[in-house]
Amino acid sequence: MGAVDQAFIQAQEHRPAKSSSTYAEGIPLIDLSSPDGLVSEIGNACKNWGFFQVVNHGVPLEKRQKLEDSSRKFFGLSSEEKRKIRRTEKQALGYYDTEHTKNVRDWKEVFDFVAKDPHLIPASPDPHDKELLEWHNVWPQYPPELKEASEEYVKELEKLAFKLMELIALSLGLPANRFHSFFRDQTTRVRINHYPPCPAPDLALGVGRHKDGGALTILFQDNVGGLQVKRKSDGEWVTVKPTPDAYIVNVGDIIQVWSNEAYESVEHRVMVNTEKERYSIPYFFNPAHYTMVEPLEELTNEQSPPKYKAYNWGKFLMNRSLSNFKKLNVENIQISHFRISKLADKLEGALSINN
């Protein structure tokens with residue numbers, strides 16, 4: 001990517017500390033093969049961290065390694081070759097190397113594909129626009145095995161995702177299958193991230209601070225590491241130490257809304273370094289585009305009323321995706337825009353001023 005230009009430079013308050021190597025003590029490591037106390041472990045992890053790691057998850061190691069190996073071959077191609085399948089605003093899948101997070105360019109290149117092809121999505125964020133688009137995966141000519149490796153991998157990750165959603169449902173006192181119907185026409189997406197060495201890791205980030213807008217993220221990161229989580233207890237950025245053959249799981253904004261904030265989505269970011277390239281593969285488990293996201297009725301009552309008004313997931317997703325392609329003058333849409341209590345607080349404040 002060459003020397004660091006202004007587009008990559010984070011604002012002073014968001015730059016990584018030069019000594020930012022504190023490993024996150026206490027992020028739960030959960031053995032999915034051990035049934036004793038599993039539901040409560042998952043619930044505590046979601047409540048206290050929003051992040052946890054899982055081992056004995058059932059995903060065959062060879063499936064992930066096959067995808068990892070073919071990904072390295074793809075990112076080893078020339079820029080000219082990779083850009084033959086470059087993403088556009090109309091074709092939002094494939095290769096991309098100029099993505100922005102919070103309006104600052106990320107130090108990375110990515111390859112995106114969807115779990116279900118074709119993939120139905122609203123044509124625009126406009127709530128009155130009923131047109132749908134079909135997104136189709138685009139695959140490079142080389143390496144030829146990337147397509148098969150990707151398709152095999154997502155089948156295994158989907159099994160894990162449903163298992164985790166069942167455990168999360170049980171931890172909230174809901175039936176295990178409570179979330180299943182939302183994912184019948186899922187908009188699940190997979191990203192392969194490549195973070196090249198960066199000459200100024202104290203100025204730039206692989207991915208800037210953000211929360212995941214979907215339901216659940218299941219991440220594989222290589223042994224280089226770099227993922228940082230904003231610890232809920234004190235707001236400090238702490239590094240998630242790579243654990244061999246573990247997946248890192250975090251709840252997204254949708255679970256925060258469904259659970260009426262029993263569980264919260266947590267900010268995270270990715271550090272880069274001067275010497276080693278890094279690879280990661282996040283699997284974003286997302287519901288159907290037509291899903292109206294709102295607190296579940298079973299988790300609200302008079303004492304705990306809904307904290308969010310309903311919003312359409314597909315429209316939310318399209319609004320978010322626009323900011324990936326260009327720097328905007330405002331921060332992109334967040335679930336906070338749909339939070340009822342904040343709207344009520346503003347109204348109450350206005351009334352008190354008038355009185």
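## Basis

Axes are lines fitted to C-alpha atoms, for helices over the stretch in contact, and angles run from 0 to 180 degrees between N-to-C directions. Helices (H or I, at least four residues) and strands (E, at least two) are DSSP runs, numbered from the N terminus.

This is a predicted model, in which local features need pLDDT of at least 70, side-chain atom pairs count only at pLDDT 80 or more, and totals for chains, interfaces and linings use all residues. Residues are numbered from 1 along each chain as its sequence is written, and side-chain values use heavy atoms, with hydrogens and water left out.

Helix α4 covers residues 146-171. Its 26 residues should span 38 Å at 1.5 Å a residue, and the end C-alpha atoms are 37 Å apart, so the two values agree. The expected span is 1.5 Å times one less than the number of residues. Gly173 follows α4 and has a positive phi, near 80 degrees.

Helix α1 (residues 38-48) packs on α4 at an angle of about 85 degrees, with the axes 8 Å apart. That makes α1 roughly perpendicular to α4 (65 to 115 degrees; under 35 is roughly parallel, over 145 roughly antiparallel, the rest oblique). Contact here means heavy atoms within 4.5 Å. From α1, Leu38, Val39, Ile42, Gly43 and Cys46 meet Leu164, Leu167, Ile168, Leu170 and Ser171 of α4. By class, this contact has eight nonpolar, two polar and no charged residues. Ala, Val, Leu, Ile, Met, Phe, Trp, Tyr, Cys and Pro count as nonpolar, Asp, Glu, Lys and Arg as charged, and the others, Gly among them, as polar.

## Around Pro28

Pro28 lies in the segment before β1 (29-31). Leaving out residues up to four places away in sequence, Pro28 touches Ala45, Trp49, Phe51, Phe52 and Gln53.

## The annotated domain

An unreviewed UniProt entry lists residues 186-287 as "domain: Fe2OG dioxygenase". UniProt positions use the numbering given here, feature names are shortened, and annotations may be inferred rather than shown by experiment. Over residues 186-287 the chain is 6% helix and 39% strand, with end C-alpha atoms 4 Å apart.

## An open sheet

Four strands form an open, antiparallel sheet in the order β10-β15-β12-β13. Strands pair if DSSP finds at least two bridges between them. The edge strands, β10 (207-210) and β13 (237-239), each pair on one side only. The twist averages 20 degrees from one strand to the next.

Strand β12 (residues 227-230) pairs with β13 in the antiparallel sense over three bridges. Val229 stands opposite Val238 in β13.
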